[in-house]
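Morning, everyone. Have a look at the picture first.

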Amino acid sequence: MTTLLKLGIPKGSLQNATIALFRRSGWKINVNGRSYFPEINDDTIECAICRAQEMSCHVESGTLDAGLTGKDWIVENSSSVHVVADLVYSKVSARPARWVLAVTYDSPIKKLEDLEGKKISTELVEFTKEYFAERNINVVVEFSWGATEAKVVSGLADAIVEVTETESTIRAHGLRIVHELMQTNTQLIANHDAWKHPAKKKKLEQLALLLKGALLAEKLVGLKMNVPEKHMKRIVSLLPSLNAPTVAPLYDSNWFAIETVVESTVVRDLIPELLKNGAEGIIEYPLNKVV
């Protein structure tokens, strides 16, 4: 009998990025309309769509064996779960998101202590309360149902604690960041009993390995090129690499084929240098996974 892993996929802003990451990792998740139970091309996994804010609660209770959610919501819910892997991706970028304290641009509030006796609006209520209590700053923290930036603009709150990746929404509302409270990223989490189950643990380790491999591959590209023997040392010295590049002689010639993996950010400067120093036939190709 097949052991099924009940896996929670985050609904909302993380959903599309999560499904895309799984596709690059080898799992195709098909969300059918309004169904909360998407299909996946793995008969050992059963998927369920769940709000990221609630995911850790359902994993802790055992309703789900595992799920993907933000570190922020695990902390907010004080959930006791096993963190299988840190997966640094979010809805628009490949870097951690930040929960920040923001005020209107002309606000007299310049530091945390200036919020003594003030009102803060946020979705991250419990964490925010605890954060200020630990610093002996008395504040009123109110839950925001959305459009949090508007609360401080309209005067319904003195400040907000809001999550941001690029700060563009905060700037667009004429707000100013006063302080960063937390960095957060997506985590693959598991119920403690599920993690002790051999088959479920094995599947979770497989998921973690390939999801992390797909995320790493996003930052890297492969390079192939042909190089004459007289330029070999110079070309190899120019190549940043995970390990030493692969070098193979070409048939019946004094030329060599070089293959390597480099960070995608260096390629635009690297390729002209390689050409200038004698490399030819350079091919750049994307990677699916690096493990």
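This is a predicted model: local features need pLDDT of at least 70, side-chain atom pairs count only at pLDDT 80 or more; totals for chains, interfaces and linings use all residues.

Residues are numbered from 1 along each chain as its sequence is written, and side-chain values use heavy atoms, with hydrogens and water left out.

Now the sheet. It is open, with five strands in the order E9-E8-E10-E7-E11, and the pairing is mixed. Helices (H or I, at least four residues) and strands (E, at least two) are DSSP runs, numbered from the N terminus. Two strands pair if DSSP finds at least two bridges between them.

Which strands stand at the edges? Strand E9 (140-143) and strand E11 (175-184) do. Each has a single partner strand, so one side of each is left without a neighbour in the sheet.

Strands of a sheet pair through backbone hydrogen bonds, either parallel or antiparallel. Start with E7, residues 97-104. E7 pairs with E11 over eight bridges, in the antiparallel sense. There, Ala-102 sits opposite Ile-177 of E11.

Next, E8, residues 119-122. E8 and E9 are parallel, with four bridges. Ser-121 faces Glu-142 in E9 across that pairing.

On the other pairing, E8 runs parallel to E10 (residues 159-164), joined by three bridges. Ile-120 has Ala-159 in E10 as its bridge partner.
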